[in-house]
Amino acid sequence: WSQRMFDQELESSFSLQAVAVLDEKPVAFGIGWKVRDVAQILEFAVTPQERRKGIGSKILKHLMQIARENGCAKMELELRSQNLAALEFYRKFGFRQVGKRKNFYPSSLPLSAGEDALLMECVLF
């Protein structure tokens, strides 16, 4: 994402955001949109050196709380089917697979099928 894209999200009335800062540097963030009563996660990232330290969990919990406070009944996201660490992470928070987009992500190899996208959702209570 470009700086301009981040700035636009911060100003948007339907954007949901959370950022973790360590030593004055962002180390994790999550951005989503509120679409009616659904929160859609657009981007979620933790720097490699800060993974598996609980920062991602705090960001996701915060996004879920913001979504609930904004009237969202569920949260949705998509991820690469081969991203097993992310799949395990989201399952810990109650996300379940509700669909699949075949060959959604292009392959880096010529004449090779792309990678599937898994569609996941979680009910927010």
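Strands are DSSP runs of at least two residues, numbered from the N terminus. One such run in this predicted model is strand E5, which spans residues 96–105 and holds Asn103. Asp23 lies in the loop between E1 and E2. With a relative accessibility of 68%, Asp23 is exposed.

Attention can now turn to the interior. In soluble globular proteins, nonpolar side chains tend to be buried together. The largest nonpolar core of this model has 30 residues, and those that touch the most other members are Phe44, Leu60, Met75, Tyr90 and Phe95. Two or more residues come from each of strand E1 (15–22), strand E2 (25–35), E3, H2, E4, H3 and E6. Helix H2 gives the most, with seven residues. For Phe44, the contacts beyond four places in sequence are Phe29, Gly30, Gly56, Ile59, Leu60, Leu63, Phe89 and Tyr90.

Strand E3 (38–46), helix H2 (55–69), strand E4 (74–80) and helix H3 (84–92) each give two or more residues to the lining. Sorted by class, the lining holds 13 nonpolar, nine charged and four polar residues.

Glu121 belongs to strand E6, which covers residues 115–123. Glu121 has a relative accessible area of 15%, so it is buried, the limit being under 20%. A polar contact of 3.0 Å joins its side chain to the side chain of Lys74. Apart from neighbours within four places in sequence, Glu121 is in contact with Lys74, Met75, Glu76, Gly94, Phe95, Arg96 and Val98. The other residue, Lys92, lies in helix H3. Because its relative accessible area is 58%, over the 50% limit, Lys92 is exposed. Between Lys92 and Ser57 the C-alpha to C-alpha distance is 9.4 Å, although the two are 35 residues apart in sequence.

Key
Residues are numbered from 1 along each chain as its sequence is written. This is a predicted model: local features need pLDDT of at least 70, side-chain atom pairs count only at pLDDT 80 or more; totals for chains, interfaces and linings use all residues. Side-chain values use heavy atoms; hydrogens and water are left out. Helices (H or I, at least four residues) and strands (E, at least two) are DSSP runs, numbered from the N terminus. Ala, Val, Leu, Ile, Met, Phe, Trp, Tyr, Cys and Pro count as nonpolar, Asp, Glu, Lys and Arg as charged, and the others, Gly among them, as polar. Buried means under 20% relative accessible area, exposed over 50%, partly exposed in between (1.4 Å probe, protein chains only). A polar contact is a pair of N or O atoms within 3.5 Å; within protein, one must be able to donate a hydrogen and the other to accept it, and residues adjacent in sequence count only if both atoms are side-chain atoms. Contact means heavy atoms within 4.5 Å. A nonpolar core is a set of buried Ala, Val, Leu, Ile, Met, Phe, Trp, Tyr and Cys residues joined through side-chain atoms within 4.5 Å.
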